[in-house]
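Let's go through this one by question and answer. Have the viewer open and follow along.

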Amino acid sequence: MKSQRPVNLDLRTIKLPITAYTSILHRVSGVILFIGIALMLFVLDASLSSPEGFDEVRGYLSSPLAKLIVWALLSALLYHLVAGIRHLVMDTGHGETLEGGKLGSKIVIIVSAVLIVLAGVWIW
């Protein structure tokens with residue numbers, strides 16, 4: 001008896017639907033936010049420790065690397081927020097069909113991309 005189970009699970013060759021990509025990105029952005037919160041709390045603590053600490057953090061945040069990190073964290077937050085709103089809309093019964101899910105995923109990607117670009121313009 002031959003099994004119908006897949007033999008090769010090479011993720012680079014499997015074509016995933018757009019809904020899978022938005023779901024994976026939502027989870028990844030959540031992990032980035034979880035780690036980023038620790039980093040931002042450390043920076044907040046340093047900036048509130050003394051006037052010198054504030055000036056030091058201010059100096060660090062003017063560097064291109066720090067701006068890139070802040071933009072990455074803000075991008076993760078924006079994507080996670082937009083995808084979370086999509087989930088809330090789906091909880092009300094809208095967009096639960098296959099076509100609705102695909103359309104919702106496209107909307108999440110487009111709105112997130114626009115917000116991320118605007119955030120990048122604002123930070124730089």
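Q: What share of the accessible surface of the protein chain belongs to carbon and sulfur atoms?
A: This is a predicted model, where local features need pLDDT of at least 70, side-chain atom pairs count only at pLDDT 80 or more, and totals for chains, interfaces and linings use all residues. Residues are numbered from 1 along each chain as its sequence is written, and side-chain values use heavy atoms, with hydrogens and water left out. The accessible surface of the protein chain (Shrake-Rupley method, 1.4 Å probe; for residues, only the protein chains shown count as cover) comes to about 9500 Å². The part that belongs to carbon and sulfur atoms is 73%.

Q: Which elements does the protein chain have, and in what order do they run?
A: Helices here are DSSP runs of H or I with at least four residues, strands are E runs of at least two, and numbering starts from the N terminus. By that count the protein chain has 4 helices and 0 strands. From the N terminus on, the order is α-α-α-α.

Q: Why does the protein chain count as more spread out than a compact globule?
A: The globule rule is 2.2 Å times the number of residues to the power 0.38, and the radius of gyration is taken over C-alpha atoms. For 124 residues the rule gives 14 Å, and the protein chain is well over that, so it is more spread out than a compact globule, with a radius of gyration of 20 Å.

Q: What does the C-alpha trace of the protein chain span along its principal axes?
A: Take the trace of the protein chain along its principal axes. The spans are about 70 × 35 × 25 Å.

Q: What percentage of the residues of the protein chain count as buried?
A: Buried means under 20% relative accessible area, exposed means over 50%, and partly exposed lies in between (1.4 Å probe, protein chains only). Applied to the 124 residues of the protein chain, the buried share is 22%.

Q: How much of the contacts with a separation of 6 or more comes from residues 24 or more positions apart?
A: A contact means heavy atoms within 4.5 Å. Among contacts in the protein chain with a separation of 6 or more, the share from residues 24 or more positions apart is 77%.

Q: How many Å apart are the end C-alpha atoms of helix H3?
A: Helix H3 covers residues 64-91, which is 28 residues. The expected span is 1.5 Å times one less than the number of residues, and for H3 that should be 40 Å. The model agrees, with the end C-alpha atoms separated by 40 Å.

Q: Which helices do the buried residues of H3 pack against?
A: The buried residues of H3 include Leu 73, Leu 78, Tyr 79, Val 82 and Arg 86. Their packing partners are H1, helix H2 (51-61) and H4.

Q: What distance does H4 reach from its first C-alpha to its last?
A: H4 has 26 residues, with 38 Å expected at 1.5 Å a residue. The model comes close to that, at 37 Å.

Q: Is Ser 112 buried or exposed?
A: Ser 112 is found in helix H4 (residues 98-123). Leaving aside neighbours within four places in sequence, Ser 112 is in contact with Leu 78, Tyr 79 and Val 82. Its relative accessibility is 2%, so Ser 112 counts as buried.

Q: Which residues does Leu 115 touch, not counting residues up to four places away in sequence?
A: Leu 115 is also found in helix H4, but at 32% relative accessibility it counts as partly exposed. With the sequence neighbours set aside, Leu 115 touches Leu 78 and Val 82.

Q: How far apart in space are Gly 101 and Leu 68, C-alpha to C-alpha?
A: Gly 101 has its place in helix H4 and counts as buried at 7% relative accessibility. Gly 101 touches Thr 19, Arg 86 and Gly 95, not counting residues up to four places away in sequence. Leu 68 is 33 residues from Gly 101 in sequence, and the C-alpha distance is 32 Å.
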